[in-house]
There are 2 protein chains.
Amino acid sequence: MREKFTYEPITGAEFDRQKALYEPFTQSVRELLDATIRTEVDEETVREAHAAIEAVTARLRAKQKDGPYGVRYAVDGRGQAWGNPVIGVRNPMAPPLVITRGDDGICRSEFTLGAAYEGPPAHVHGGICALVLDHLLGEAASSGNKPTFTGTITCRYLRGTPLGELRAEAYIERVEGVKTFARGFIADAEGTTVEADGVFILPVWAREVG
Amino acid sequence: MREKFTYEPITGAEFDRQKALYEPFTQSVRELLDATIRTEVDEETVREAHAAIEAVTARLRAKQKDGPYGVRYAVDGRGQAWGNPVIGVRNPMAPPLVITRGDDGICRSEFTLGAAYEGPPAHVHGGICALVLDHLLGEAASSGNKPTFTGTITCRYLRGTPLGELRAEAYIERVEGVKTFARGFIADAEGTTVEADGVFILPVWAREVG
């Protein structure tokens, strides 16, 4: 992509208001998603749930954005990717990951993956591990508010990643011109389950602004 | 994982009954998920939707599986991973991909990715591309009903993948003992956007049964 993203600036108070409204609402849909996979209620109850959900969706769709969410709001010059499938406050698919950056420059996150992320029985789908690592390495590579895009990423699966409480870390290994090399891992209580390294590229428009 | 998966066998008629019930139900939650991200209705309507969703979830949770879905049912000896985040008939997070295997051994899928899969504005999250490719390459590598697990996967991003109609293919490049090397890509109407290659490993228990 060559176009620069445009953000609609909002105040901190408006950001807080939206977060207080949408965060618990999205969490309720996240719970529904989990229940949809795990429910064993009778056929009649499933049909009633189906009808109730369609009614809610119709009300929500009465006024909605034409396309996807985008990166629409900014506080302190930073875009809020609330539709993002990894960190999005408004995306029920997102765990969502809360990522912190330490003084050591390492990006860290502790998170829980349940039924919705299952590949092999009781284990995280390998592609979900790749999704989490792609996002976390990209975040690590985008330090200093300069966005980067994945050029290449490699994931090495050391063993199955059990569903449940997990943690992940990522950091910049080195920078060569517009290429940032990042590394990271996912771990359970016993240690690392998946390792990743990736090359992240600074987009053309961000190079121009130095 | 060293344990062999166990499947609960069901008849074709029971399979059809469950699919007819759960497929449209799950699709309704998938639509809700999209509406949750895109809605711009007023605060009062969001709060009412929140309450309605919590009531539905409570009814669905009245009887539910303790843990994740697993691979519980089998028709013709093949497990049905209905909770799977890529192909799962009961997972609202899954697009879901419908994968066909041609006489040429190539696995193909045509699918649409909307707001829930967005990374950069109007484009698919790079990690979602990795999720799709990990699954499709794994499916290609698991021909002959022998399951395999991802050992390593590398994704190369040629350009941004736009949200919308996409297709993907994967095939076995070569087999060396317990390692199967698979390759594949995602493409939009203009051509390939992401390429992948991976090494998939036959689990120990599957080796023993020849």
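**Note on the two-chain predicted model**

1. Eight salt bridges cross the interface of chain A and chain B, a salt bridge being a side-chain nitrogen of Lys or Arg within 4 Å of a carboxyl oxygen of Asp or Glu. One of them joins the side chains of Arg17(A) and Glu43(B), with 2.5 Å from N to O. The rule for polar contacts finds 38 residue pairs across the interface of chain A and chain B, both residues at pLDDT 80 or more; a polar contact is a pair of N or O atoms within 3.5 Å, where within protein one must be able to donate a hydrogen and the other to accept it, and where residues adjacent in sequence count only if both atoms are side-chain atoms.

2. Some conventions should be kept in mind: this is a predicted model, in which local features need pLDDT of at least 70 and side-chain atom pairs count only at pLDDT 80 or more, while totals for chains, interfaces and linings use all residues. Residues are numbered from 1 along each chain as its sequence is written, chains are lettered from A and ligands numbered from 1 in the order in which they are written, and side-chain values use heavy atoms, with hydrogens and water left out.

3. How are the two chains related?

4. The contact (heavy atoms within 4.5 Å) takes 81 residues from chain A and 81 residues from chain B. Of the interface residues of chain A, 100% are also interface residues in chain B, so the copies meet through the same surface. The area buried between the chains is about 7,500 Å², and carbon and sulfur atoms give 63% of this area; buried area is the accessible area (1.4 Å probe) that two parts lose on being put together, summed over both. Arg38(A), Glu40(A) and Met93(A) supply 9% of the area that chain A buries against chain B, more than any other three residues.

5. An open sheet of twelve strands runs in the order β4(A)-β5(A)-β7(A)-β8(A)-β9(A)-β6(A)-β6(B)-β9(B)-β8(B)-β7(B)-β5(B)-β4(B), with antiparallel pairing; strands here are DSSP runs (E, at least two residues), helices are runs of H or I of at least four residues, and both are numbered from the N terminus, while two strands pair if DSSP finds at least two bridges between them. β4 (100-101) of chain A and β4 (100-101) of chain B stand at the edges, each with a single partner strand, so one side of each is left without a neighbour in the sheet. β6(A) and β6 (residues 149-157) of chain B pair in the antiparallel sense over five bridges. Cys155(A) has Ile153(B) as its bridge partner in β6(B), and Ile153(A) stands opposite Cys155(B).

6. Some backbone details also deserve a look. The peptide bond from Pro95(A) to Pro96(A) is cis, with omega near -20°, and Pro96(A) is placed in the loop between β3 (78-80) and β4 of chain A. In chain B, a cis peptide bond joins Pro95(B) and Pro96(B), with omega about -20°.
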